[in-house]
Structure formats: C-alpha cells, structure tokens
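Biologist: I'd like to learn how to read a few features off a model. Can you walk me through them?

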Amino acid sequence: MRQFLSAVFLLVACALPALAQNSSIPPEEFNNTSRLSGDSINVCFDRTSLGLAFDQDVARAIGDALFLRVEAIEGFGGFPLNGDALLDEVTLAMTNTCDVFMGVSVSPNSPVSDAFAITRPYATFPFVLAVADPDWQRLGDIPKSRKLGTAMASMGEMNYITWAQQQPENERWVRLPYADFDLMTTRVLDGSIAGMILWQPALARILASRPDAKVLRVIDSAPVPSSETRVGALVSSRNSFLRAQIDEAIDAIVRDGTIAGLIEKHGYSGRAGE
Amino acid sequence: MKTLIKSLLMATAAFAVISAPALAQNTREYSPVTDEMLANPPAEDWLSFRGAYNNQGYSKLDLINKDTVDDLELAWAWPMAEAGIQETAPLIHDGILFLQTNNNIVEALDAKTGDRIWTYIHELPELPASWSYQLNQARRQKASIALYQDKVVLTTVDAKIVVLNALDGKVVWEKQVLDYNKGYSYTVGPIVVDNKIISAISGCSIAGTAGGCYILAHDFETGEELWRFNTINDPDNPEQQASWGEVPPENRWGGTPWTIGSYDPETRTTFWGIGMPGPYSELIRGSGDGSVLYTNSTIALDIDTGKLKWYYQHLPRDNWDLDSPFERILVDQEVDGEVKKMLVTVAGKNGIAFGLDRETGKYLWHKETVHQNVVTGIDPDGTVHINEDLVAKAVGEEHLVCASVSGGKLWQAGSYSPLTQAYYVPLTEACNTVAPTQTEFTAGNAVGAMKFGPRVLPEGVTEAGLVQAIAVTPTSGKTKWDYRSRPTPTSSVLATAGGLVFGGDAARDVKAWDQETGEVVWSQRLNAPIGGYPATYAVDGEQYLVVPTGYSNSASSISSAFPEIPLPTGSGNSIFVFKLPSK
C-alpha cells in the first residue's frame, strides 16, 4: 500500500498553475518540479487556525490510517479581513509544499479555486452565543439596547446578519465585528457588549487559556437559528487518488470513534463527520 | 523553499553590506538634497517619487522632444535584483540612479553607464515564513525610497524606516516604527520635509491592526517620532467619530494611505489620499449608512503638529473596495493676476477627477473619465452621492460595479504639465461583480467578507486602455484628448518640457504621446509590461529616459480583455535607459 501510494504521488503530485503573467503571482515563485513524497505526506496548517491542535491530531490519525508518515508544516497566516492575497498564498503553498491543507471550512462559499478540492468533512462544530450575565438563558432575554459581538466574516456572523436584516430595526441587536476573539471576550466581561457569537472551538480555546473567562456561559441563540461549520481538508484537484484515499481514511476514523475521541479530548462540542 | 530563499537572501545580504564600501571606492561628489531642491528640483535630477513635492510628475528637460524622440536609442539596461510585482520609482541625483525593488533591495547605479555602485539588501525577519501576507506585501513594494541631504530613506515591509548613506549604502540608523507582528507593513515610501520623515503605514485591514492606521512624522536625524495621525480615529473631530455609526475605534479597519503624499512648503501642509474602509461592506462592518471618515478622502495635515487642516471625502460610504488613495497633485494657475492654488487628483478607483482649493479643501469641480456607476452625482458644494442601489442589503446580494476593484484608476500615477495645463491619467475600463459573502478558508476564521467577480469590460466597450488628458482650470476639468487601446496602461506617466508624455502598457510598449494632441510619436516594445514610474534625467548635458518593466498585476487582472496580446512567462523586472545619440 505504502509503495503504491508513493508511486502515485510521484506521478500526480505536480499541480502547477499556468506559468504566464495571467495570475497575481509571479511565475518565479512556483516550484516547477514534482515533490518526491516517498512514504510521507506534507500536511499544512494555518498557524492562526482556531482548531489547530485538533486538526494536527486528525492529520496524524489520517496518516496512520493510510500508513503514511505525516510531515506537519506550519502554513501561513496574518491575512487581511478581506482575504486579499490569501488565495495567492494558498495556491503557492499547495503547489510548492503541501499535499494536504487541514482545517478548511467545507461550505458552499469556499473561496478556493477549482485547482483544489475539499475532502469530506471530518468534524462539524457549532457557532455558539456566550454571555457572562447569569440571568440570560437565550438571546431573546438580552435587551435590544445591548450590543453583540460576532466573529468577523464567520458563518455565525453571516447567520446573524441574515436574521437581523429580516427584522424591524428596533427588533435587532446592534452587532460589532471582532477579528480578535480575546478582545471580544474582554468586552463581554467588561460589559461593553452583552454577548458574543463565535465558533465553539474558538470559545474552547479561550476557556482553556483565560481563567477570567470561566464565568462565560453558552446560551440558546434563539430567536436566531443555529449555525455550524464543517471542517475538512484541501487537496489538489489533479490528485484524485489522494483525495479518494483521504476521504476513505476520514470515513474510517469517523466510524471507529477516533474523531469523537479527539473532539472530547479538546473540549469541543460538535460531532464527527457531517 | 521560502526558507531556503530567505537563508540565501540573508547570506547575500551580509555579503552585500560588507562588500559595499569596496565597490563604492570612487571620487563621486554628492551634493546634499535640500528642501529647496525637492520643491524646485534641478532639471537634471529626479529627486522624488513624482519628481518634486508637488507630485506633478513633470520634468523641465526638453532635449528629448517631438522632433528628436524618434532618435532615442538604448543606453543601458539593468535587471532588478528581485522578482515580484513591479512598481518601482527610480530616483536620480548627481549622476546616481537609486533603484528600489521588492523585498526592500536598494541599488545605486551610475546613471550614465548603468554600472552598480552599491546594493543594500534589507534583512527581513525570519517570521515571515509563516506570515504569508507580509511575504505577499514584500513582493509588491512600491516607490519605497526618498532622497534627503546625503541619505536615502527607505521604508520596509517589516514596518521599519532605514536611513542609508547615499554614497555607499551603509545603514546610518533604522527604526522599528510599528509592530509587523500585528500586520503593519510599509508598501510606499516617505517624503522628507524640514527634517521630518513623513510616512504612511499599510496593513490596516489585518485583524491585529484594528483601530489604527497612521501617517507619521519622524525626526530625520534621530528617528524620534514627532507625531502620528490616525486616519480612522480622530478624537478631535466628533463628525469623524459619528461617521462610523456605533462602531468604536477598536472595531474599525482600513483607511490605508498607500500612495506617497505631496507637500506645499508655503503653507507647510502635506496632502495624502486615504484608502477604503474595512470590512468593505457596511453590512459586515456595522457602520450603517455612515460615511466612515476619513476613508476615501484627501486629508491636509500641518507638518509641524500633524493636526488636520481640512479633509474632503471623494467617496463616502464605500461598499465596493474602491479606494481613493492615489496621487494628489499640487497645481498653481494664475487667473486675472491671482494665483489659484489647487489640488488635482483622480483620487480613486472609480476614476473621477477632482479639483480642490488646497488652502481650504473646498470642492471646485469634478470630471468623470472611465465608466463608473457608484457615484450618481456631486452637488455644487462637493457633496458626493452614491448609488444606493449598489449597496448590498443581504449577504450574498451581488451587483455589477464599475469601475472594478483594480480600477478604473490604480497606483499608476498621472502627471501634470504646466506647458499645456493638462493632467494626463492612465486608466482602465473595467467592471466586476461584488457581493458581501462570508468566505471562511480555515474553519471559523476571518479571512474574507467580500466576493469579487473577474474584471470585465463595460458593456459596449472593446478597448480596456485609456490615457486621458484633462485640461485643468480653477473652475473645470475637461477632456483635452483620449487615447484608447486594447491593452491597458500598466505604468505611471511622465510629462516633460519636451512636449511629451511617456508611459506604457500591458503589450510591452513604451510610448510617447504629443501632449497637445495625444498622437503617439514614439513607441518601443520591451521585454515585459511597462511598469513603475518612468523618469528622466540628464548627465553631462545628455537627457536620459528610464523605463521600468516587469511583472504587472494590472496586466494580468484584465488580460482576458486583450487575448490577442500574450503576456510573457517570466517577470523580467528590469529598467531600460534610453538617450539620444551622442553628437
């Protein structure tokens, strides 16, 4: 199995974009060579990923399932809120370095190009509403005069905006976008905002790192419908064999409870697979 | 691979810095560049990004003119030290040509022979291996240097000011201005006035830079910070605060001043253009129908205090990433014995030209150039009305917006000729769809809140390129001539006392137009799209024309509009220097 995979990698690992001045990346930036993967795969991670440690564990589990050594590579980070140049760097990383990129959002609005394919999701996690006030049990309990924070550009934020746009103005909460979740937490704790809508793994990280955040509670987001993000990995579209193998490995580790165990290990609330 | 390149660069840097003095053994004389020279440069020099403090992009040299331009021949050429997107502005003084390229490499070349005098390679920190946005910014460094006294002042991608000796490239001092770990990064250079280095930071759309985007002044001798002006948080102006609705400063982004400002020594005022707000869509940023000051504005600052004198907003309530940071040109015209002091600009990507009274900021006139549909009208008092039909009311709501996110107008600067009293502007006809769309890449993370479609030509338009000459008066801007072409202009333009305008396009052609008529009187095909900022200078009584070429985003982003013109595979970042035959 291992030898067969290696041979296939040799044949298909090269997924170069067209080398002309028709993209925003100078062609000199691309490696015009195939990677010799041997019995390992290069697995990249966004260093700012909210579920980085979880994704690293999942990558190791996928590697084990495929009898491949996982070479973990810290990917990129530090992008603007508008995503400028992000896809340039995804293209560069996937062409030059990464066989697989972990922790990718599996959604209809995925910004990645057709050159790359997203695997099936290995986990699904909800967006949650966290508050400090013990009297509130649901979003509807929060006075409309108070403000909410949302994780900038997240599916949870989109969900809230879509709901809010359907309500009369006096029935909405004023919402402020945050890219820094630590700052958003501080603002919940100091009362500047009543609560925050963010991805549960992000909240888990805050709860694990900030003792002062222990007072935060997750309450029902009603009347705003709940939302969630599915998490998968990115592979080259040309490497359909690798994608199929990884999909099969994900299926296997979802079925055998590996993912569920990792979700519990990291203190996440969500589910394995879709 | 990147790590390897970085290691090689570091090794080379050490070598280059050490070897510089040996290479600089010469008897060159270098006269200090003074404020007076920067305001009124000697004809033979090109001392700053657009030639002079007024940003006119005009040279008083006239040996190369309508009668002689056809005789131009190649004097020398030089490959740039680094790949990447090519937006350089060569500067020339006392026979030395200073060339900055991506990754903050600066080279000094003999302007007559093209021989290298010294090379400075800025040592970037190791961290960018995982800070891809900074690496990306390093590949698109614009006009990053200024000349002052006997020094070269460089701004860097890791948010430093570095002062070099002009004659040997040795570092005199360097200062970490802002924290690049937060995302701050210089992409344009400074101006230096009255011993103050005035610079503008970029990276103001990154999570860590929330609430602060700055124009700063530092002491030229010591690097001490003298003042800073925050383009998105002005506590002295309640109107500015109210314009963001209920959004407090810590939740504001954008306002990047990413084109070098101009300066009026008479009033000790510096003028800068400011970019778009972040996030792009008001639906996401939460600012309601507020105008989100000072985004998309011209701001006039007192150079001694950094205090705002006035502002004028060219595009309030931007929802489409149509920044307005481009060149602010200072123009004086005498009318009935009275000197009218104007600021003229095609401020933003939508290509609308404005004339302002630069002493008061009062609106004088405007003129549309390329197809645009975001501004529906401008009142006599200068109030700009936007097309509210193009403001998305729901996530995913898509609109076709003209001009496109890459212009219309972009960084390529226009020039003003006192000979013809006309402003020559390189432009592109383009539109794209825009929709506020949450687009996570890594799950749960903030990386995108807007989806742009590809750049397309406006309906009924077949020529992407436009160079427009705008006749400027204190009361109007009117079309003097239009030059339309299939390929898009990809360089800034240069006007000269020889009656010519020089510039170039995606088809690799550098051209000279007759300032009066728009007729192309000279054209030369080079190795790559024409880029950067063409300049001219003189050595030993001979006039030279320097033309940068190389990798061009402006070409690649609309290449589908001229498929018959193949773009090169390589970057080819170079400068080509032309002159007339020696007599």
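Predicted model: local features only at pLDDT ≥ 70, side-chain atom pairs only at ≥ 80, totals over all residues.

Modeller: A disulfide is a covalent bond between the sulfur atoms of two cysteines. Here C402(B) is bonded to C431(B), S to S 2.1 Å, and the torsion about that S-S bond is 100 degrees, making the link right-handed. C402(B) sits in strand β27 and C431(B) in strand β30 of chain B, so the bond ties together parts 29 residues apart in sequence.

Biologist: Are C402(B) and C431(B) buried or exposed?

Modeller: Both C402(B) and C431(B) are buried.

Biologist: How many disulfides are there over all chains?

Modeller: The count comes to 3. In chain B, C204(B) and C213(B) also pair up, with sulfur atoms 2.1 Å apart, and 75 degrees about the S-S bond makes this link right-handed. C204(B) has a relative accessible area of 1% and C213(B) 0%. Number the bonded cysteines of chain B in sequence order and you get 1-2, 3-4.

Biologist: What about C44(A) and C98(A)?

Modeller: Their sulfur atoms are 2.0 Å apart. The S-S torsion is about -95 degrees, so this one is left-handed. C44(A) is in strand β1, C98(A) in the loop between α3 and β3, 54 residues apart.

Biologist: And how do I read helix packing?

Modeller: Two packed helices are described by the angle between their axes and the distance between the axes. In chain A, the axes of α2 and α7 come within 9 Å and cross at roughly 105 degrees, which means α2(A) is roughly perpendicular to α7(A).

Biologist: Which residues meet there?

Modeller: Among them are V58(A) and A61(A) from α2(A), and Q245(A) and I246(A) from α7(A). The contact has 9 nonpolar residues, 1 polar and no charged.

Methods:
Residues numbered from 1 in each chain as written. Chains lettered and ligands numbered in written order. Heavy atoms only, no water. Axes fitted to C-alpha atoms, helices over the stretch in contact; angles between N-to-C directions. Helix = DSSP H or I, 4+ residues; strand = E, 2+ residues; numbered from the N terminus. Parallel < 35°, antiparallel > 145°, perpendicular 65-115°, else oblique. Contact = heavy atoms within 4.5 Å. Nonpolar A, V, L, I, M, F, W, Y, C, P; charged D, E, K, R; others polar. Disulfide = S-S within 2.5 Å. Buried < 20%, exposed > 50% of the residue type's maximum accessible area, 1.4 Å probe, protein only.
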